[in-house]
Amino acid sequence: MATTLDKVDVVTVGVGWTGGIVAAECAKSGLKVRGLERGEARGTEDYSMVHDEFRYAIRYELFQNLSRETITFRNNRQMNALPMRMMGSFLLGEGLGGAGTHWNGQNWRFLPYDFEIKSQTEKKYGKDKIGKDFLLQDWGITYDELEPYFTKYEYTAGISGEDTNPFWGKRSKPFPTPPMKKTPILEKFEKATTNLGYHPFMMPSANLSEPYENPDGSTIAACQYCGFCERFGCEYGAKSSAEITVVPTALETGNFDIRYHSNVVEVLKKGNKVTGVRFYDTVTGEEFIQPADVVVLTSYVLNNAKLLMVSNIGEQYDPDTGRGTLGRNYCYQILPGATGFFDDEQFNTYMGAGALGMTIDDFNGDSFDHSKLDFIHGASLSLTQPGLRPIAFNPVPPDTPAWGEEFKKASVHYYTRALSIGGQGASMPYKENYMSLDSTYKDAYGVPLLRLTYNFTDQDRALHKYLSERSAEIMKEMGANTIAPANPLTDYDIVPYQTTHNTGGTVMGNDPGISVVNTWLQHWDAENLFVVGAGNFAHNSGYNPTGTVGALAYRCAEGIIKYSKTGGSLV
């Protein structure tokens, strides 16, 4: 029998960036908050020996245990979905800080175009520009409305950057810290893109360029440019994350506590309100009920959607009828680009930082004319210097054998003689790409696994081809002897790592017919249930999602505080 705990004002399911922001803001306002985190406590002091590529990057030390819970996957509805038994295309986080601990630190605001993509696309190119099977929709909120929340998040995280990109939205305040150092590799990209008439700028970075104290009094150290960011925690406390910023802020109020090893398996609902959550202690196996006035789902995209599905809250999306919103608009990301091999130049590719890079947005959003192109949106194109690790990074020219003596010789030779331009391509929602519950497989707690049905579309393939060609042109201008554009997209494969930028499934909006939550991230069917994260995105953009997720978390926290005082729907 489950043990019922004392009731709290607010319970968060997961304590990463979103759970930490919600906890900090609500606790500061006087609300009693409890965070349920299924992983362990961890912080900067745990990463003193973190430069171990095999342990963290190959053996996935910081990630979800797939023997307890995973997803099933298929390319289309005619296939049998099978469990993902090893980390592959994306990396599922676990533990305090979640995916915000092992991120690279690229921090972006989505473009004004993103939030009004349907209306702006139809206005400029007509209703037939994108096919009827694409579920394009505005977000119900504009960039200008979200801008104050972007600013608040960036000042909490201490983001380093420069406001010289002509294509992004207007900022009300400058970046809180200056951009990172510009290395010779980045200068080479800057010169080439400038020569081609583009507009390079330093990437906004959560690897901080200088020591910083945020408005809540938390301190973040300066980056040492030692690499080992993506898949690793930062041993210097120089990569902004929830456990060194918002979590300490929340704990210092005395209104917040965290219960670790607590895996939530159900949101409890009575009438038109939720009453709390049910969870298991993953160490003892004990079952608990945590009553709460407000429940906030702040776990990863896939788990937020799954929890709503297994709790039977909201109508699940049906691709046959188009009815239902839960699980709809699942989007991934497209990765165009090109690699250049330089026979006569060597670079310090083994040093760097996760978000040390330069970018152009000349082919992102609607900053270029799509009238004669068979896709919409685009990609940011960046050259980053993240500190390339020797096990995973083995660049060789296209005609090199994939194994054996010749491969080894070329791999060693080109380790410091290869540079890559990478694009983060926007992904549009398609009616056959969605999340649902698997009817066969269950997790360690007897709960159905989430099933992902996904494949690349013709829109994706056209975008990928166009942007890979532009990347190759830049690499030619940089002087590479051999240029290898990214291979053309075929079917989506969940095995090789691509990006952890999954979005959709719990989309926000101002119309309950096409969204799960309103623009305060409040569930349409339960006024005291909030769901926040990249699942709220109506589509995926040409950037990393964390900056926009952080802004939404601050808006969600404001909504929870407002709801706690007044009750009822916030719209």
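1. In which loop does Q137 lie? In this predicted model, Q137 sits in the loop that runs between α4 (117-125) and α5 (143-157). The residue is buried, with a relative accessible area of 4%.

2. The side chain of Q137 makes a polar contact of 2.6 Å with the side chain of R328. Leaving aside neighbours within four places in sequence, the residues in contact with Q137 are I117, K118, R328, N329, V507, M508, I514 and A538.

3. Four strands form an open sheet in the order β5-β4-β18-β17, and the pairing is mixed. The edges are β5 (82-83) and β17 (434-442); each has a single partner strand, so one side of each is left without a neighbour in the sheet.

4. At the β5 end of this order, β4 (residues 71-74) pairs with β5 in the antiparallel sense, over two bridges. Within this pair, T72 stands opposite P83 of β5. Strands of a sheet pair through backbone hydrogen bonds.

5. Helix α8 (residues 301-310) lies across β4, β17 and β18 (448-453), and runs at about 70° to β17.

6. On cysteines, the structure holds zero disulfides. C223 is in no disulfide, and the nearest cysteine sulfur, that of C229, is 5.9 Å away. C223 is also buried, with a relative accessible area of 14%. For C234, the closest cysteine sulfur is in C226, at 6.4 Å, which is too far for a bond. The cut-off behind this reasoning is that a disulfide needs two cysteine sulfur atoms within 2.5 Å.

Methods. Residues are numbered from 1 along each chain as its sequence is written. This is a predicted model: local features need pLDDT of at least 70, side-chain atom pairs count only at pLDDT 80 or more; totals for chains, interfaces and linings use all residues. Side-chain values use heavy atoms; hydrogens and water are left out. Buried means under 20% relative accessible area, exposed over 50%, partly exposed in between (1.4 Å probe, protein chains only). A polar contact is a pair of N or O atoms within 3.5 Å; within protein, one must be able to donate a hydrogen and the other to accept it, and residues adjacent in sequence count only if both atoms are side-chain atoms. Contact means heavy atoms within 4.5 Å. Two strands pair if DSSP finds at least two bridges between them. Axes are lines fitted to C-alpha atoms, for helices over the stretch in contact, and angles run from 0 to 180 degrees between N-to-C directions.
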